[in-house]
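Please look over the sequence and the structure shown below before reading on.

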Amino acid sequence: MTVLYSEELGLEKTDPTLWRLRTDLLGRETWEYLPNIEAAKDPQSTFTQWLLQDENFPFPTPEITSEDDKFTAENACHNGASFFKLLQEPESGIFPCQYKGPMFMTIGYVAVNYIAGVQIPDHERKEIIRYIVNTAHPVDGGWGLHSVDKSTVFGTVLNYVILRLLGIPNDHVVCERARKTLHRLGGAIGAPHWGKSWLSLLNLYKWEGVNPAPPETWLLPYSLPIHPGRWWVHTRAVYLPLSYLSLTRFQCELNPLLEEIRQEIYTKPFEKIDFSKHRNTVCGVDLYYPHSKFLDVANDAIVFYENYVRPTFIFKKSKERVYDLIKKEIENTDSLCIAPVNQAFCALVTYIEEGAHSMAFEKFQYRFKDALFHGPQGMTVMGTNGVQTWDCAFAIQYFFMSNLAELPEFYDTIAAAYKFLCRSQFDTECVPDSFRDKRVGAWGFSTKTQGYTVSDCTAESIKAIIMVRSSPVFKDIHNEISDERLYQGVDILLGLQNTGSFEYGSFATYEKIKAPLFMEKLNPAEVFGNIMVEYPYVECTDSSVLGLTYFHKHYDYKKDQISKRIKIAIDYLKASQQVDGSWYGCWGICFTYAGMFAIEALHSIGESYTNSEYVRKGCEFLVSKQMDDGGWGESMKSSELHNYVNSDKSLVVQTAWSLIALILADYPNKDVIDRGITLLKKRQTKHGEWKFESVEGVFNHSCAIEYPSYRFLFPIKALGLYTKKYKHSAI
């Protein structure tokens, strides 16, 4: 077993046997650290034992394993499913996981608590430190945008500040190495916009050196494309509270520790820096997406307006307007907000407006725990409050597609996941005038509480639920959800398709595209691409097609309309295929991920290698990337460069993605497929587990994120499809 860096350094750690993961019927995940006496009476779940590497984890002992000569693809599929079911929390039905990767989430939890004078519990403090230390770059000791990134100013300064705020002294070797790297990169002055904002809030930077986030935009007519209500939901959700903080120029009170940090993170004394000259200073290593000239000119004009022109009544009206909208975001999500970045900003605004002891701020203290997740490396704030709905929908589908779901040993697994999906459908609308679309009938990515509709999650949930309701084995639970509720879900899905002037036929993520794509010229983030408005996504369109085609086969509701919508979605997918036969993926890595989804969508309407030029080109592209050992492996660099880049080695998840595409496409050369199947079999342990190999997901082209369930779900699907298709000739 690899020795963690924190252990080499002898850092404090908690007792892994005292941690308990709590989940509820709506999928909330929180960690609790128990006293020894209570822990003895409260056994850990099998998921917690597995995640924290407890020796008491009940490893399955299959009759035929990967160590046996007669081991088949069918054995591997069954063994993988038997292992994976142990990772489900049986009462809630979810498959918890540490959805980690981004290295700029935890700053919100630590900074808001520090500013508010709330002490982080010692067991959390120790494990947050461990996680940051264990994800430091092995060569230079810095941190990047994500856990497998090169060191950047953004990642290094934020995580350095966290360590200092949590009590690590500046002469500790971790701080010394990080500080050396930070200075080599030019110091904190080169942090991108979000980094400068957090540093300003902590009184470690000055607001005059931060580009503006004018709240006045919320006072503009909605008909204008620039209105924030037309932006991508994550961007508007972050810049809504950030505009309040920028307007008020809030900074916490300076203290001796912050004065020390001020002198540590720059290459010259803090008091000698003219911050107003560094609004656009961003380290080249950080700068994925430079400002447009138009944005730079606009920022200059806005800064002049803010400093010399803004009337007092506009200041007050803007502040009232954005705070009113912040309260609506809080109400719509029960204080979860869309994700941890805007949650932390919203919590800070709430603290400023209502105080640390207000009910509203105390509710944030409760909700902060939803995304704070523990693991073997330590504790971190995840990308969202989980992936509960997404993983449950896939688990149900792939067990059915692999002929496993109706086996008695998997009944409880499928039934629990199905009931969770039924409970997770949205049944209330958002509060009026919060710039949110109709959501009753939809599903989100994580939980019902989080409350944001997602197109592909809605589609995949509908498909999974229909599979259960169509099976006589599960007749006793068919009525957990009604036809009418499925119709509501389909109506939401149809409403999400872009059928106007923007990207006709496609599906985006949370909403239709509401503003022209040239709005990207106003992207202020510097580290992310395509964030200003909704964009069409191949994967979202593919999943939506899969949901609609499956519904179409089982129901007569809106039959003709759905047929037309499937057709225009397919037309969009075909038009999106690149000359070499690939599709670019935005939520998984990268061309492999999108190729799998696209070919499965084409398969759902009867297209295959033999009758479709698009499927044929897609298959040939994937086959051209097969590695010598029979597997596939694509690097995160593909997402950044928009060109296929091989990883250092073949990867189980991406091998499964490629195999799923080739099997569903009826690719004629079985030897290509057999070689990939052989690799999946070899990489499985004797207990049925596949070990983590590499990050599977990505967002906004530049940030990697892990989907821990993927290394079970997709190999199970690939092996199951292979076994069904080839039967007696399967290996």
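A residue is called buried when its relative accessible area is under 20%, exposed when it is over 50%, and partly exposed in between, using a 1.4 Å probe and protein chains only. By this rule Lys 327 counts as partly exposed, because its relative accessibility is 39%. The model is a predicted one, in which local features need pLDDT of at least 70 and side-chain atom pairs count only at pLDDT 80 or more, while totals for chains, interfaces and linings use all residues. Residues are numbered from 1 along each chain as its sequence is written, and side-chain values use heavy atoms, with hydrogens and water left out.

**Helices and the annotated domain**

Helices (H or I, at least four residues) and strands (E, at least two) are DSSP runs, numbered from the N terminus. Lys 327 belongs to helix H13, which covers residues 312-333, and the C-alpha atom of Lys 327 is 9.5 Å from that of Ala 360, although the two are 33 residues apart in sequence. In helix H15 (residues 359-367), the buried residues are Phe 361, Phe 364, Gln 365 and Arg 367. Their cover includes helix H5 (106-116), H13 and helix H14 (340-354), where contact means heavy atoms within 4.5 Å.

An unreviewed UniProt entry places the feature "domain: Squalene cyclase N-terminal" at residues 92-336; UniProt positions are given in the numbering used here, feature names are shortened, and annotations may be inferred rather than shown by experiment. In the model, this span is 50% helix and 0% strand, and its end C-alpha atoms lie 19 Å apart.

**Aromatic rings**

Rings of Phe, Tyr and Trp (its six-membered ring) pair if their centres lie within 6.5 Å, and planes under 30 degrees apart count as stacked, over 60 as edge-to-face and the rest as tilted. The whole structure holds 60 aromatic pairs, and two of them are set out here.

| Pair | Centre to centre | Angle between planes | Arrangement |
|---|---|---|---|
| Trp 390 and Phe 394 | 4.4 Å | 55 degrees | tilted |
| Trp 657 and Tyr 710 | 6.3 Å | 75 degrees | edge-to-face |

Trp 657 lies in helix H25 (residues 652-664) and Tyr 710 in helix H27 (residues 710-726), so this pair ties together parts that are 53 residues apart in sequence. Trp 390 and Phe 394, by contrast, are both in helix H16 (residues 388-401), four residues apart, which means that about one helical turn separates them. Both Trp 390 and Phe 394 are buried; Trp 657 counts as buried because its relative accessibility is 0%, and Tyr 710 is likewise buried at 0%.

**Core and a buried threonine**

A nonpolar core is a set of buried Ala, Val, Leu, Ile, Met, Phe, Trp, Tyr and Cys residues joined through side-chain atoms within 4.5 Å. The largest such core has 246 residues, and Phe 104, Ile 265, Tyr 266, Phe 528 and Phe 714 have the most contacts inside it.

Is Thr 458 buried or exposed? Thr 458, in helix H18 (residues 455-469), is buried, because its relative accessible area is 0%. When residues up to four places away in sequence are not counted, Thr 458 touches Ala 442, Trp 443, Thr 453 and Gly 489. A polar atom of the Thr 458 side chain lies 3.1 Å from the backbone nitrogen of Trp 443.

Definitions and conventions. Polar contact = N/O pair within 3.5 Å; in protein donor to acceptor, adjacent residues only side chain to side chain.
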